[in-house]
Amino acid sequence: MKLLKKIGLVLLLVFIVAQFFSPEKNQGNTEDLTAFLNETKPSPEVKTILETTCFDCHSSNTNYPWYDKITPINFWLNEHVEDGKKHLDFSKWSDYSIERKDHKFEELAEEVEEKKMPLPSYTWTHGDAKLSDSQIKAVVDWVNQVRMGYALAPKAE
């Protein structure tokens, strides 16, 4: 029993010390999204959907929940954000070529239609991020409209 108490005390001490270490926050500027929003012109409904389901992990400005202050949860969240931005970063939209933008939108529509995005681990803690069928349709319709514009745009040589 004494050994279990010692192990418990050591684990508690490690947990307390770990609270002094955390990853760098993904807190840029919401103005980073201006190029994306101006170019793609989402309706107010779609913009709200993007704000509640996409931008936390796919932009340079994450709205962190209260539990982000707890290590190791903050490292797990940081990994999700970094992985999300690696696949699609709306804050870097102006850096993408027309072909890449079109491809990213193709993937976005597919992921949303197949209900792979937003991730279940995100919707579990963000109930308002669960998309209804009508919200999915609104996003996919918007994506298809934007992609039509990309199809007509001159391609890079």
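These legends go with close-up views of a predicted model.

View 1. Averaged over the chain, pLDDT comes out at 88, and 96% of the residues reach at least 70.

**View 2. Cys 54 and Cys 57, two cysteines without a disulfide.** A disulfide is a covalent bond between the sulfur atoms of two cysteines. Here the count is zero. For Cys 54, the nearest cysteine sulfur belongs to Cys 57, 9.3 Å away; a pair has to be within 2.5 Å to qualify, so Cys 54 is in no disulfide. Cys 57 is in no disulfide either, with the sulfur of Cys 54 as its nearest at 9.3 Å. Both side chains are tucked away: Cys 54 is buried at 15% relative accessibility, and Cys 57 is buried at 18%.

**View 3. Helix α4 from end to end.** Helix α4 takes in residues 73–87, 15 residues in total. At 1.5 Å a residue it should span 21 Å, and its end C-alpha atoms sit 22 Å apart, so the two agree.

View 4. Which residues of α4 are buried? They are Asn 74, Leu 77, Asn 78, Val 81, Gly 84 and Lys 85. These cover an arc of only 130° around the axis, so they lie on the same side of α4. Over on the other side, Glu 79 and Lys 86 are exposed.

Technical notes
Residues are numbered from 1 along each chain as its sequence is written. This is a predicted model: local features need pLDDT of at least 70, side-chain atom pairs count only at pLDDT 80 or more; totals for chains, interfaces and linings use all residues. Side-chain values use heavy atoms; hydrogens and water are left out. Buried means under 20% relative accessible area, exposed over 50%, partly exposed in between (1.4 Å probe, protein chains only). pLDDT is the predictor's confidence in each residue, from 0 to 100. Helices (H or I, at least four residues) and strands (E, at least two) are DSSP runs, numbered from the N terminus. The expected span of a helix is 1.5 Å times one less than its number of residues. The arc is that of the directions from the helix axis to the C-beta atoms.
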